Amino acid sequence: MATMIQSIRRSAIGLGLFAVITGGTIAVTQALTDERIAEQAARAEAKALFEIIPESAHDNDMLRDTLILPASDRLAVEGKVTVWVARQNGQPVGMIMPAVAPDGYSGAIKLLVGIDLEGTVLGVRVIGHKETPGLGDRIETRKSDWVKDFEGRSLGNPAPREWNVKKNGGVFDQFTGATITPRAVVKAVQKSLIYFRKNQQVIRAQLNKTPLGQGPEVTPGDLTDESLNLEQS
């Protein structure tokens, strides 16, 4: 009996040690994996920033020159919004803001939208999505040039009702077998432009106050996001 009890105890201790070691290994692996994923996401984001506003178009450290805007339902970004600022000879020439298309076919689509100070799109890049490979993933520049059609667009180009895919009376191409994905991106870019237009005066004033370095945080009272109106379709 004593031998059996000792054997059970040894087995219990062995199982306990195995569980501790296994749990620790999983925790360390998860932490390292999360860190690598975060680093990869940061590199992809930085790459996208310089694709939208290339280094030849600005002379400041755009990665550090930022403005903090309040959270906005229009941009669908969680928490406060970090906007990257591009300057030439100390003067702001454009900005890049994050935006989310919450209604993609397979979930949220994360975007970066570059806008000049007149409200014209400098470029759009998709930095995260779960859309169907071979269909919805054509929003990526490595799969197609579709997203580049936003360059040079503004709220008046095209007209408000034409900010949609062609199937729904708009000017933007849809993908064969995939309409929801491009339509979601089009609407997200349009909302970003409307957000900028409604808050253009305040944003430009803040940009001109901070010619170098980390920009200030704009308080919610400075903006008029609650007054934004967007035609739904």
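**Exercise 1. In which helix is the place of Gln 190, and is Gln 190 buried or exposed?**

Solution. The structure is a predicted model, and in it Gln 190 belongs to helix H2, which covers residues 180-198. The next step is the relative accessible area, which is 5% for Gln 190; because buried means under 20%, Gln 190 counts as buried. Finally, the side chain of Gln 190 can be followed to the backbone oxygen of Pro 160, which it reaches at 3.5 Å.

**Exercise 2. Describe the span and the covering of H2.**

Solution. Begin with the length: H2 has 19 residues, and the distance from its first C-alpha to its last is 27 Å, close to the 27 Å expected at 1.5 Å a residue. Then turn to accessibility, where 14 of the 19 residues of H2 are buried, so that the helix is mostly covered.

**Exercise 3. Work out which elements build the largest nonpolar core, and how Val 189 is placed in it.**

Solution. The largest nonpolar core has 40 residues, and those with the most contacts inside it include Trp 146, Phe 150, Val 185 and Val 189. Two or more residues are given to this core by each of E1, strand E2 (81-88), strand E3 (91-104), strand E4 (107-115), strand E5 (121-128), H2 and helix H3 (200-209). H2 supplies the largest share, nine residues. For Val 189, once neighbours within four places in sequence are left aside, the contacts are with Leu 111, Val 113, Val 121, Val 124, Phe 150 and Trp 163. Another core lies apart from the largest one; it has nine residues, among them Ala 48, Ile 52, Ile 96 and Leu 112.

**Exercise 4. Locate Asp 61, and state whether it is buried, partly exposed or exposed.**

Solution. Asp 61 is found in the loop that runs between helix H1 (2-52) and strand E1 (66-69). Its relative accessibility is 41%, and because this falls between the cut-offs of 20% and 50%, Asp 61 counts as partly exposed. In sequence, Asp 61 and Arg 87 are 26 residues apart, while their C-alpha atoms are 8.6 Å apart in space.

**Exercise 5. Decide where the coordinates call for caution.**

Solution. Start from the chain as a whole, for which the mean pLDDT is 82, with 71% of the residues at 70 or more. Over residues 31-35 pLDDT stays under 50, and the model has zero contacts beyond four places in sequence for them. Over residues 225-233 pLDDT likewise stays under 50, although the model has 20 contacts beyond four places in sequence there. Where pLDDT is low, predicted coordinates should not be read in detail.

Definitions and conventions. Residues are numbered from 1 along each chain as its sequence is written. This is a predicted model: local features need pLDDT of at least 70, side-chain atom pairs count only at pLDDT 80 or more; totals for chains, interfaces and linings use all residues. Side-chain values use heavy atoms; hydrogens and water are left out. Helices (H or I, at least four residues) and strands (E, at least two) are DSSP runs, numbered from the N terminus. Buried means under 20% relative accessible area, exposed over 50%, partly exposed in between (1.4 Å probe, protein chains only). A polar contact is a pair of N or O atoms within 3.5 Å; within protein, one must be able to donate a hydrogen and the other to accept it, and residues adjacent in sequence count only if both atoms are side-chain atoms. pLDDT is the predictor's confidence in each residue, from 0 to 100. Contact means heavy atoms within 4.5 Å. The expected span of a helix is 1.5 Å times one less than its number of residues. A nonpolar core is a set of buried Ala, Val, Leu, Ile, Met, Phe, Trp, Tyr and Cys residues joined through side-chain atoms within 4.5 Å.
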